[in-house]
Amino acid sequence: VAEDAAAGAADAGARRAAAFEVFDDMTATGLDAGEATFTMLIRVCVVDDAVDAAMDTLERMKRKQLKLKLRAYAPILRARCRRGELAAALDLADECAAGGLDLGAGEYAA
């Protein structure tokens with residue numbers, strides 16, 4: 001079982017690395033990454049339980065001054081709740097509210 005978990009973690013890291021490699025190639029060719037592209041990266045990070053990487057990606061979105069949508073925050077909120085990081089989830093929920101984003105039933109249920 002431990003070997004399966006280790007293999008799964010390696011696969012997860014490989015998927016995340018591949019997604020960021022495609023992103024880096026895309027931006028290196030001069031294509032501008034928009035909100036949807038960054039949101040996809042956040043989702044890949046969350047699926048791999050790399051919440052810190054997801055938060056780093058969210059911070060990159062902010063630095064680019066992209067219009068943040070709930071779909072960028074929601075996966076991180078759910079992951080923080082699933083991991084029992086309730087204080088961090090509440091801080092993120094407050095950030096959403098400050099940005100004028102209304103949490104839906106799905107986010108409150110997390």
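User: Is cysteine 45 buried or exposed?

Analyst: Buried means under 20% relative accessible area, exposed over 50% and partly exposed in between, with a 1.4 Å probe and protein chains only. This is a predicted model, in which local features need pLDDT of at least 70, side-chain atom pairs count only at pLDDT 80 or more, and totals for chains, interfaces and linings use all residues. Residues are numbered from 1 along each chain as its sequence is written, and side-chain values use heavy atoms, with hydrogens and water left out. Because its relative accessibility is 0%, cysteine 45 is buried.

User: How many disulfides are there?

Analyst: A disulfide is a pair of cysteine sulfur atoms within 2.5 Å. By that rule the count is zero.

User: Which way does H2 run relative to H3, roughly parallel or roughly antiparallel?

Analyst: Helices are DSSP runs (H or I, at least four residues), numbered from the N terminus, and axes are lines fitted to C-alpha atoms over the stretch in contact, with angles from 0 to 180 degrees between N-to-C directions. The axes of H2 (residues 35-47) and H3 (residues 51-63) come within 8 Å and cross at roughly 165°. Since angles under 35 degrees count as roughly parallel, over 145 as roughly antiparallel, 65 to 115 as roughly perpendicular and the rest as oblique, H2 is roughly antiparallel to H3.

User: Where does aspartate 49 lie?

Analyst: Aspartate 49 has a positive phi, near 60°, although this residue is not a glycine, and aspartate 49 is partly exposed at 42% relative accessible area. Its place is the loop between H2 and H3.

Key: Helices (H or I, at least four residues) and strands (E, at least two) are DSSP runs, numbered from the N terminus.
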